[in-house]
Amino acid sequence: MVMTSHSTATAANPVLRVAPASPAAAAAYFGASLAFHADVSDVASALAADGDPGFVVLDSRSTASWDQGHIPGAVHLPTALIPEQAAALLDPAVPVVTYCWGPGCNGATRAALALAQLGFQVKEMLGGFEYWVREGFAYETWEGGERRAPDPLTAPVDAADCGC
């Protein structure tokens, strides 16, 4: 078999060692991903707009974590309490966006699973509370409201949004 320069590069290149999915498979995968996940900036933008955003934000962390900082207007419901308290705190007709600490924590995923098993429409907010703060959005603590400057590695410093 004669290898072309393209196939030689592909075999040696760890990115292309496994070929990309077909465009149809990629569209199905990425479309499904967007059905399950929400971006911190998109959540913040929807919450900042006038009117009802059409979803509720749920903080699935402990009370100590909630007190340390949380998204303004979020509902606090630790994951372990979802089975017994979700029906009293949430409207099953309103989608829920869950979050926990950040990318290194799967608490929002566990909360989303528990809610989905109870019949709620749910998405997970990628980046969690960590990226909410790092992108410079306001948050509340037990002492009051706070806001940090955007981290230039996570959010544009001199623009309203990242443009993505």
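The lining of the second largest pocket divides into nine nonpolar, three polar and three charged residues; here Ala, Val, Leu, Ile, Met, Phe, Trp, Tyr, Cys and Pro count as nonpolar, Asp, Glu, Lys and Arg as charged, and the others, Gly among them, as polar. The structure is a predicted model, in which local features need pLDDT of at least 70 and side-chain atom pairs count only at pLDDT 80 or more, while totals for chains, interfaces and linings use all residues. Residues are numbered from 1 along each chain as its sequence is written, and side-chain values use heavy atoms, with hydrogens and water left out. An open sheet of five strands has the order β1-β5-β4-β2-β3, with parallel pairing.

**The second largest pocket**

- The volume of the second largest pocket is about 220 Å³. A pocket is an open set of points, on a 1 Å grid over the protein atoms alone, where a 1.4 Å probe fits, with protein on both sides within 12 Å along at least five of seven lines; the volume is the space filled by probe spheres set on the points, which are joined across faces, edges and corners.
- Its lining has 15 residues, of which Leu-34, His-37, Ala-38, Asp-39 and Lys-123 are the closest to the centre; a lining residue has an atom within 4 Å of a point.
- Two or more lining residues come from each of α2 (23-36), β1 (37-39), α3 (40-48), β4 (96-99) and β5 (122-126). Helices (H or I, at least four residues) and strands (E, at least two) are DSSP runs, numbered from the N terminus.

- Two strands pair if DSSP finds at least two bridges between them.
- Strands β1 and β5 run parallel and are joined by three bridges, and Asp-39 has Leu-126 in β5 as its bridge partner.
- Three bridges also pair β4 with β5 in the parallel sense, with Val-96 opposite Val-122 in β5.
- Between β4 and β5 the chain passes through helix α6 (residues 107-117), and this β-α-β crossover is right-handed: with the strands pointing away from the viewer, the path from the first strand over the helix to the second runs clockwise.
- Helix α6 contains Ala-114, which counts as buried at 15% relative accessibility. Buried means under 20% relative accessible area, exposed over 50%, and partly exposed in between (1.4 Å probe, protein chains only).
- Ala-114 and Ala-93 are 21 residues apart along the chain, and their C-alpha atoms are separated by 16 Å.

- Strands β2 and β4 run parallel and are joined by four bridges. Val-57 has Val-97 in β4 as its bridge partner, and Leu-58 stands opposite Thr-98 in β4.
- Strand β3 (residues 75-76) pairs with β2 in the parallel sense over two bridges, and here Leu-58 stands opposite Val-75.
- The chain reaches β3 from β2 through helix α4 (residues 63-68), in a right-handed β-α-β crossover.
- In a regular strand the side chains alternate between the two faces of the sheet.
- Strand β2 (residues 56-59) is covered on both faces, with Val-56 and Leu-58 buried on one side and Val-57 and Asp-59 buried on the other.
- Both faces of β4 are covered too: Val-96 and Thr-98 are buried on one side, and Val-97 and Tyr-99 on the other.

**Aromatic pairs**

- The whole structure holds five aromatic pairs. Rings of Phe, Tyr and Trp (its six-membered ring) pair if their centres lie within 6.5 Å; planes under 30 degrees apart count as stacked, over 60 as edge-to-face and the rest as tilted.
- The Tyr-99 and Phe-129 rings are stacked, because their planes are at 25 degrees, with their centres 6.5 Å apart.
- Tyr-99 lies in β4 and Phe-129 in helix α7 (residues 128-134), so this pair ties together parts that are 30 residues apart in sequence. Tyr-99 and Phe-129 are both buried.
- Phe-129 also forms an edge-to-face pair with Tyr-139, at 5.5 Å centre to centre and 90 degrees between the planes.
- This second pair links helix α7 to strand β6 (residues 139-141), where Tyr-139 lies, ten residues from Phe-129. Both Phe-129 and Tyr-139 are buried.
- Ring pairs link Tyr-99, Trp-101, Phe-129 and Tyr-139 into a cluster.
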